[in-house]
Amino acid sequence: MTDDSTDLSPHDAFALLGHDLRVDILLALSDADNRSLPFTELRQRVDERDSGKFNYHLSKLVDRFIAHNEDADEYRLLYPGHRVIDAIENGVFHEQVTIANVRLDATCHDCGSQLRFDYDTINAGRVSCPSCDRLLIGFPFDPGGLTDRDGQSVAVAFDRRTRSTWERARADVCPVCSGHVDAAFVDGSVDEAATHGLPVLVDFDCTQCSFFCHVPPGAMLVTHPDVVAFLTENGIDARERRLWELPFVVDPGAITVTETDPWQVAVTVAADDAARRAVFDDAVSVASFDVVR
Ligand SMILES: [Zn+2]
Ligand SMILES: [Zn+2]
């Protein structure tokens, strides 16, 4: 249910931010204690001497991005104002950063070569095997995640961010807009795949915003309680392994496709001498997780 009575058009909402002074006001409030400031101090912090001009631009933000408490004469950020600040601080609109050839403490499940991590803002974070020339995990990552981290810890943050994003999509809550996310199996050769070389991927597509991705079926198992219990029984803490270290996520040999219309997909999860097989239904839910016979 929505109440459209106070909606702006997207164009008008973005136009409200189309002046340096308005962005400065939001940034000043974001930097302030308790994200709020009295009028005089706010004006000092943005260093605008023309009070008419300052008042005009401030008034455009009030009740949309910031609140004005008249009794206390204080201005503070509202939730939409925080989201504008977030979009600025994650850096994706104005920073283009690269990290090249970080050697990871992890090896290719296929050839044993040391894996590498590369990053650039436009093309995402990428973990690959230089010998197989194969992408194991590739996914967008905001440049804000590079602050105060070296290459190794960027790769760890990239892993954590990627798996939580996929987990939210799996739970039908878009990680960008909180809308519904459709899930379906697609052929593994689809464009913009998060992994190359798998026979099938899961296509997530937000019904509302532009979020979409094509991810390994095994990534749907990383937090599944039966899978977590099985791995724990066999001495593996999935939280301590990166996505590229989990064969059931990145190894094509772990995946069995018996039908494509409708899709019948199974993923084998192995630990030491034990193995279980997760069978998915066509809606990409785990229908069973049984011992491999
Ligand atoms: Zn390799
Ligand atoms: Zn969305």
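These are my notebook entries on one predicted chain, from its overall make-up to single residues.

**Conventions.** I number residues from 1 along each chain as its sequence is written, and I letter chains from A and number ligands from 1 in the order in which they are written. Since the model is predicted, local features need pLDDT of at least 70 and side-chain atom pairs count only at pLDDT 80 or more, while totals for chains, interfaces and linings use all residues.

**Overall.** I looked up the secondary structure and found 8 helices and 14 strands in the chain, where helices (H or I, at least four residues) and strands (E, at least two) are DSSP runs numbered from the N terminus. The C-alpha trace spans about 75 × 45 × 35 Å along its principal axes. Of the 293 residues, 29% are buried, a residue being buried if 20 or more other C-beta atoms lie within 10 Å of its own, exposed if 12 or fewer, and partly exposed in between, with C-beta atoms placed from the backbone.

**The four-stranded sheet.** I followed an open sheet of 4 strands in the order β4-β5-β6-β7, with antiparallel pairing; two strands pair if DSSP finds at least two bridges between them. Because β4 (98-107) and β7 (134-139) each have a single partner strand, they stand at the edges and one side of each is left without a neighbour in the sheet. From one strand to the next the twist averages 20°. Strand β6 (residues 124-129) pairs with β7 over 5 bridges, and V127 has I137 in β7 as its bridge partner. Helix α6 (residues 151-170) packs on this sheet and touches β4, β5 (114-120), β6 and β7, its direction making about 80° with that of β4; contact here asks for C-beta atoms, placed from the backbone, within 7 Å, and angles run from 0 to 180 degrees between N-to-C directions of axes, which are lines fitted to C-alpha atoms, for helices over the stretch in contact.

**Cores.** I then traced I137 into the largest nonpolar core, which has 50 residues and in which I137, V215 and L221 have the most contacts; such a core is a set of buried Ala, Val, Leu, Ile, Met, Phe, Trp, Tyr and Cys residues joined through C-beta atoms within 7 Å. Leaving out residues up to four places away in sequence, I137 touches V127, T162, A194, T195, L243, W244 and V250. A second, separate core of 14 residues includes L26, L61, F65 and I66.

**Strand β3.** For β3 (residues 74-77) I noted a covered face with Y75 and L77 and an uncovered one with E74 and R76. In the hairpin of β2 and β3, with 4 residues between the strands, D73 takes a positive phi near 50°.

**V249.** I found V249 in helix α8 (residues 247-250), and it is buried, with 30 other C-beta atoms within 10 Å. V249 and P216, 33 residues apart in sequence, lie 5.9 Å apart in space, C-alpha to C-alpha. Besides P216, V249 touches G218, A219 and L243, not counting residues up to four places away in sequence.

Methods. Two residues are in contact if their C-beta atoms, placed from the backbone, lie within 7 Å.
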